[in-house]
Amino acid sequence: MPLSGDLLRLADAVLFPGFAGHTPPDWLRRRLGEGLAGVALFSRNIADPAQVARLTAALRAENPSVLIGTDEESGEVTRLEVATGSSRPGGYALGVVDDVALTEALARDLGGDLAAAGITLDFAPSADVNSNPDNPVIGLRAFGADPALVSRHTRAFVRGLQSAGVAACAKHFPGHGDTSVDSHHGVPVVADGGIEDALLPFREAIKEGVKAVMTGHLLVPSYDAELPATLSPKVLTGLLREELGFEGMIITDGIEMAAVSGAYGIGGASARAIAAGADAICVGGERADEATAAGIRDAIATAVTQGLLPEERLADAARRVRELASWAASSGSQASRDGSVGLAAARRAIRITRRSTAPVLPLTSAASVVELAPQMNLAIDRNTPWGVGEPLARLLPGTVVTRLAVGDSTGSALEHQLGEAAGRPLVIVVRDVHRHAWQEQALRHLLSARPDAVVVEMGLPERSDLGAVHIATYGSARVCGQAAAEVLTGRL
């Protein structure tokens with residue numbers, strides 16, 4: 001039976017699809033004109049701030065109330081600055097500094113950049129408590145491993161961002177921190193004993209007035225032993241709406257992720273998410289074509305005709321999306337922007353452990369830098385620049401930088417690097433060395449020959465007893481590399 005135009009428009013009113021390119025494709029313009037709720041921008045849509053402003057203006061020309069969202073967490077997960085690396089450190093660095101005024105100021109500064117580019121919804125902050133150091137997808141995106149610390153910085157980030165007229169979106173509800181599985185690929189399970197700690201930052205974000213919450217594709221057996229949170233009425237309606245009292249917009253994490261789409265398909269998962277209590281469907285990180293967006297719309301409308309999804313629930317979801325769009329349209333402000341706050345935060349987050357009495361630092365001559373580069377999770381764009389070598393080379397001309405991935409760090413390659421570094425200071429840069437055995441082996445090889453080497457950890461520093469000097473940056477953003485280079489050369 002053909003689906004009615006009114007029902008299809010109602011289904012479109014809860015969709016946030018992605019798309020390819022720096023300008024809106026024709027299909028997206030058409031759908032926006034027919035009432036599509038919003039769009040999600042990814043790094044493939046972004047060249048520079050001026051281009052983004054033109055893009056968002058073109059989207060608004062088709063639908064003035066469109067919500068435009070993106071993943072701009074600062075730090076490792078950046079979209080606006082994907083070409084250069086973020087000018088602000090991520091959550092963990094802010095948690096290490098533990099200055100809520102700084103976190104609020106940084107978020108306000110970020111909100112000013114987003115607002116100037118025409119973005120009205122930021123899928124940030126990560127309110128996850130990273131209590132599992134082996135977590136493959138959260139890590140430095142969280143403010144830390146302590147629920148109280150994460151809570152106060154989540155509130156500060158929400159406060160700062162929304163003061164700039166950009167809606168904050170706390171994620172990944174009910175908490176992705178105490179997991180060891182990446183939900184892009186499977187279904188993480190949240191341990192029963194840690195759920196209250198995981199919920200605390202979300203409770204606090206709701207008290208702060210956060211405008212949106214993003215669901216995590218997580219199984220929480222203490223609430224629902226069968227369905228992941230995104231598809232669970234017990235979690236979204238029973239816990240988030242009724243128990244925690246959240247009245248804002250609930251949006252899903254990328255609905256194409258295997259943790260939810262694997263069992264039901266993208267369309268089936270979308271319809272079930274709305275039925276469970278979600279108000280908006282985010283899609284497009286991996287599937288950004290017209291057919292996917294149309295398929296989700298049709299699946300939601302069909303679910304209404306088949307009785308899986310009550311039309312009243314769909315209408316209520318669309319209402320909450322409209323209410324957020326109305327807030328975004330009326331709350332724009334010219335937030336003062338401070339280009340120095342990010343570097344100041346990165347400098348304050350640096351932690352140095354000196355393990356040698358020899359005067360290893362400051363470096364005064366051109367160095368050899370070996371950067372061990374692991375494969376990052378899908379939330380982090382693989383083209384995002386990072387490292388210490390480039391900023392160090394600016395301060396010490398003649399510095400040589402080599403980057404090795406897992407397949408490159410052979411014994412012969414490492415011996416070659418040691419030969420190249422003869423007579424030079426050696427700096428070894430790692431990311432989450434505790435999670436990657438090959439990095440640990442390569443580091444051990446290099447340090448056995450060069451115990452005077454400096455180790456810079458740009459991931460989570462589970463160990464600080466490596467190298468003659470160990471420098472922890474708590475992030476790999478551009479400013480984190482700059483701060484590390486300043487420490488290495490005695491400028492900080």
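The crossing of helices α2 and α10 is left-handed, a term used when the near helix is turned anticlockwise from the far one by less than a right angle, with clockwise giving right-handed. Helices (H or I, at least four residues) are DSSP runs, numbered from the N terminus. The model is predicted: local features need pLDDT of at least 70, side-chain atom pairs count only at pLDDT 80 or more, and totals for chains, interfaces and linings use all residues. Residues are numbered from 1 along each chain as its sequence is written, and side-chain values use heavy atoms, without hydrogens or water.

Helix α2 spans residues 26-33. Its axis lies 10 Å from that of α10, at an angle of about 30°. Axes are lines fitted to C-alpha atoms, for helices over the stretch in contact, and angles run from 0 to 180 degrees between N-to-C directions. α2 and α10 are therefore roughly parallel (angles under 35 degrees; over 145 is roughly antiparallel, 65 to 115 roughly perpendicular, the rest oblique). W27, R30 and R31 of α2 make the contact (heavy atoms within 4.5 Å) with E290, A293, A294 and R297 of α10. By class, this contact of α2 with α10 has three nonpolar, no polar and four charged residues. Ala, Val, Leu, Ile, Met, Phe, Trp, Tyr, Cys and Pro count as nonpolar, Asp, Glu, Lys and Arg as charged, and the others, Gly among them, as polar.

Helix α10 (residues 290-305) also packs with helix α1 (residues 5-12). Here the angle is about 120° and the axes are 8 Å apart. The pair is therefore oblique. The crossing of α1 and α10 is right-handed. From α1, L7, L8, A11 and D12 meet R297, D298, I300, A301, V304 and T305 of α10. Six nonpolar, one polar and three charged residues form the contact of α1 with α10.

Helices α14 (residues 411-420) and α15 (residues 437-449) cross at roughly 35°, their axes coming within 10 Å. This crossing of α14 and α15 is right-handed. G411, L414, E415 and L418 of α14 meet A442, H445, L446 and A449 of α15.

The largest nonpolar core holds 93 residues. Such a core is a set of buried (under 20% relative accessible area, 1.4 Å probe, protein chains only) Ala, Val, Leu, Ile, Met, Phe, Trp, Tyr and Cys residues joined through side-chain atoms within 4.5 Å. F173, I255, I300 and L314 touch the most other members. Helix α9 (residues 258-276) gives the most to this core, with seven residues.

Technical notes. Helices (H or I, at least four residues) and strands (E, at least two) are DSSP runs, numbered from the N terminus. Buried means under 20% relative accessible area, exposed over 50%, partly exposed in between (1.4 Å probe, protein chains only).
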